[in-house]
Amino acid sequence: MKQVKKIAVALLLFVATTSFVNAQSKVAHIDVTQLLSAMPEMKSAEAELKKLQETYNADIEGSMTELRNKYTQYQNEAAAKSKEENEKRAIELQGYEKNIGEAQQRAQQEFQKKQAELFAPISEKAKAAIEQVAAAQGFDYVIDAQAGGGLIVAKGKDLLADVKKQLGF
């Protein structure tokens with residue numbers, strides 16, 4: 001019987017402490033992805049990245065077309081060339097393929113670098129605005145409401161409209 005009383009008292013203290021702690025903290029949520037996609041800076045950054053991607057794609061597609069043309073030319077001339085000449089041409093084509101693959105990798109790396117360069121200040125601006133709105137409204141915690149962001153229930157105040165207002169849009 002004494003064990004049951006001790007367990008009941010411990011459970012009561014645990015519930016009371018948890019209730020007290022929860023009553024002291026104010027929690028809000030915001031979908032950061034939705035906020036970022038609504039920011040005008042993000043739209044212009046995405047447009048710049050799209051243009052850059054199209055440039056890279058055009059360059060690589062041009063190289064691929066050149067490779068296909070050379071391959072067709074070498075195939076058509078293969079019967080009139082010696083075995084050694086055909087082997088040289090095959091090695092040459094492999095070199096072109098390798099160069100195109102390296103160009104694709106460089107383009108992807110440059111694209112990712114540019115993406116990080118463009119998105120970092122936008123993310124910082126959004127974070128600062130979230131912190132300002134949360135402080136002004138007295139929220140202790142702001143949780144990202146994006147799926148997978150660790151949020152199970154989103155019944156708190158959504159700061160999206162207030163942060164947009166803070167950013168001026």
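**Strand pairing and the nonpolar core**

In the predicted model, His 29 has Asp 158 of β3 as its bridge partner, a pairing that belongs to the two bridges through which β1 and strand β3 (residues 157–158) run in the parallel sense.

The largest nonpolar core comprises 28 residues, of which Ile 30, Leu 35, Met 39, Leu 159 and Val 163 touch the most other members. Two or more residues are given to this core by each of β1, α2 (32–38), α3 (40–77), α4 (83–137) and α5 (160–167), with α4 giving the most, namely eleven residues. For Met 39, when neighbours within four places in sequence are left aside, contacts are found with Ile 122, Lys 125, Ala 126, Leu 167 and Phe 169.

Helix α5 has Leu 160, Val 163 and Leu 167 as its buried residues, and because these cover an arc of only 65° around the axis, they lie on the same side of α5. Such an arrangement can be read against the geometry of an α-helix, which has 3.6 residues a turn, so that residues three or four places apart point the same way. The buried residues of α5 are covered by elements that include β1, α2, α4 and β3, whereas the face turned away from the buried side carries the exposed residues Ala 161 and Lys 165. After α5 comes Gly 168, for which phi is positive, near 90°.

Technical notes
Residues are numbered from 1 along each chain as its sequence is written. This is a predicted model: local features need pLDDT of at least 70, side-chain atom pairs count only at pLDDT 80 or more; totals for chains, interfaces and linings use all residues. Side-chain values use heavy atoms; hydrogens and water are left out. Two strands pair if DSSP finds at least two bridges between them. Helices (H or I, at least four residues) and strands (E, at least two) are DSSP runs, numbered from the N terminus. A nonpolar core is a set of buried Ala, Val, Leu, Ile, Met, Phe, Trp, Tyr and Cys residues joined through side-chain atoms within 4.5 Å. Buried means under 20% relative accessible area, exposed over 50%, partly exposed in between (1.4 Å probe, protein chains only). Contact means heavy atoms within 4.5 Å. The arc is that of the directions from the helix axis to the C-beta atoms.
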